[in-house]
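Subject: Structure for your review

Hello,

Here is the structure we spoke about. Please look it over with the notes below it.

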Amino acid sequence: MIKVAPSLLAANYLNLGTEIQRMHEAGADWLHFDVMDGAFVPNITFGPGILKAAAGMKTIPCDVHLMIEHPEKYIERFAEAGAHVITVHAEAAVHLHRVLHQIRDCGCLAGVALNPATSPECLRYVLGDFDLALVMTVNPGFGGQKLIPAAIEKIAEIDRMLKNAGVQAEIEVDGGVNESIAPVLVEKGASVLVAGSALYGAKDAAAFIRNIKSLG
Ligand code: DX5
Ligand code: ZN
């Protein structure tokens with residue numbers, strides 16, 4: 001079954017609790033929580049305090065996407081705040097293997113995110129050390145951008161790499177995902193789709209989520 005992860009970045013910040021509850025009731029699987037530091041990406045968003053409040057609602061598991069430099073400094077904070085998955089960027093993690101194990105040691109699932117221009121080769125020597133590969137289909141930093149088609153093939157490359165190694169991991173796709181591109185992403189091997197602006201802007205969020213989940 002395909003998982004749908006609404007990105008809180010596209011929610012109405014004055015009503016975060018209601019927005020989370022709405023996505024929970026609409027059938028979402030994970031709550032995608034975009035953390036930006038104004039250094040790794042040119043934008044600043046939420047920290048562990050907001051995550052703690054969101055996770056404390058005990059609705060759906062929180063999928064934390066760290067778009068920050070020195071992610072190793074903050075793993076424990078986000079784990080304690082209630083993260084289910086913590087994903088770090090390969091471009092920001094100097095000691096990727098170490099930080100992935102740091103995440104698992106905190107009891108969370110460990111994810112590696114790749115920017116659109118980053119080769120999937122950087123996953124080769126950490127196969128088995130992560131639970132999720134996040135393929136960015138936009139340059140991270142902002143919601144509402146158009147998907148970069150060149151990044152789509154990377155999903156299939158990672159899927160092949162995992163299968164050849166006999167390793168189980170989710171492949172998550174993030175950036176510019178909508179109902180029309182979703183079938184292509186799933187066909188390439190995606191198992192978790194993040195949706196921000198398209199989902200929050202949809203007239204019927206439950207139908208949007210149902211349609212995507214029925215793809216796999
Ligand atoms: C971008 C974030 C995405 C973003 C997705 O840096 O990582 O999660 O919020 O939003 P849409 O679906 O609007 O591209
Ligand atoms: Zn994200």
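The second largest pocket of this predicted model is lined by Asp131, Asp159, Leu162, Lys163, Val167, Gln168, Ala169, Glu170, Ile171, Gly189 and Ser191. Its volume is about 220 Å³. Two elements, α5 (152-165) and β7 (170-174), each supply at least two of the lining residues; α5 gives the most, with three. By class, the lining has four nonpolar, three polar and four charged residues.

The largest pocket has a volume of about 270 Å³. It is lined by 25 residues, and those closest to its centre are Gly143, Gly144, Asp174, Gly175 and Gly176. The elements that give two or more residues to this lining are β2 (31-36), β3 (62-67), β8 (192-195) and α7 (197-200). The lining of the largest pocket divides into 12 nonpolar, 11 polar and two charged residues.

Next, the nonpolar cores. The largest one has 66 residues, of which Leu66, Ile86, Leu96, Phe130, Leu185 and Leu193 touch the most other members. The largest share of this core, five residues, comes from α5, the helix that also gives the most to the lining of the second largest pocket. Another core, of 10 residues, lies apart from the largest one; among its members are Leu134, Met136, Val138 and Val192.

What does leucine 185 contact, leaving aside neighbours within four places in sequence? The list is Leu147, Ile152, Ile155, Val173, Val177, Ala190 and Leu193.

Last, the aromatic rings. The structure holds two aromatic pairs. Tyrosine 13 and phenylalanine 46 are edge-to-face, with 5.6 Å from centre to centre and 80° between the planes. This pair links distant parts of the chain, 33 residues apart: tyrosine 13 is in the loop between β1 (3-6) and α1 (16-25), and phenylalanine 46 is in the loop between β2 and α2 (48-55). Tyrosine 13 has a relative accessible area of 45%, so it counts as partly exposed, whereas phenylalanine 46 is buried, at 9%.

The other pair is phenylalanine 33 with phenylalanine 46; the ring centres are 5.1 Å apart and the planes are at 40°, so this pair is tilted. Phenylalanine 33 is in strand β2, 13 residues from phenylalanine 46. Phenylalanine 33 is buried, because its relative accessible area is 0%. Together, Tyr13, Phe33 and Phe46 form one aromatic cluster.

Regards

Key:
Residues are numbered from 1 along each chain as its sequence is written. Chains are lettered from A and ligands numbered from 1 in the order in which they are written. This is a predicted model: local features need pLDDT of at least 70, side-chain atom pairs count only at pLDDT 80 or more; totals for chains, interfaces and linings use all residues. Side-chain values use heavy atoms; hydrogens and water are left out. On a 1 Å grid over the protein atoms alone, a cavity is a set of points where a 1.4 Å probe fits but cannot get out, and a pocket is an open set with protein on both sides within 12 Å along at least five of seven lines; lining residues have an atom within 4 Å of a point. Grid points are joined across faces, edges and corners, and a volume is the space filled by probe spheres set on the points. Helices (H or I, at least four residues) and strands (E, at least two) are DSSP runs, numbered from the N terminus. Ala, Val, Leu, Ile, Met, Phe, Trp, Tyr, Cys and Pro count as nonpolar, Asp, Glu, Lys and Arg as charged, and the others, Gly among them, as polar. A nonpolar core is a set of buried Ala, Val, Leu, Ile, Met, Phe, Trp, Tyr and Cys residues joined through side-chain atoms within 4.5 Å. Buried means under 20% relative accessible area, exposed over 50%, partly exposed in between (1.4 Å probe, protein chains only). Contact means heavy atoms within 4.5 Å. Rings of Phe, Tyr and Trp (its six-membered ring) pair if their centres lie within 6.5 Å; planes under 30 degrees apart count as stacked, over 60 as edge-to-face and the rest as tilted.
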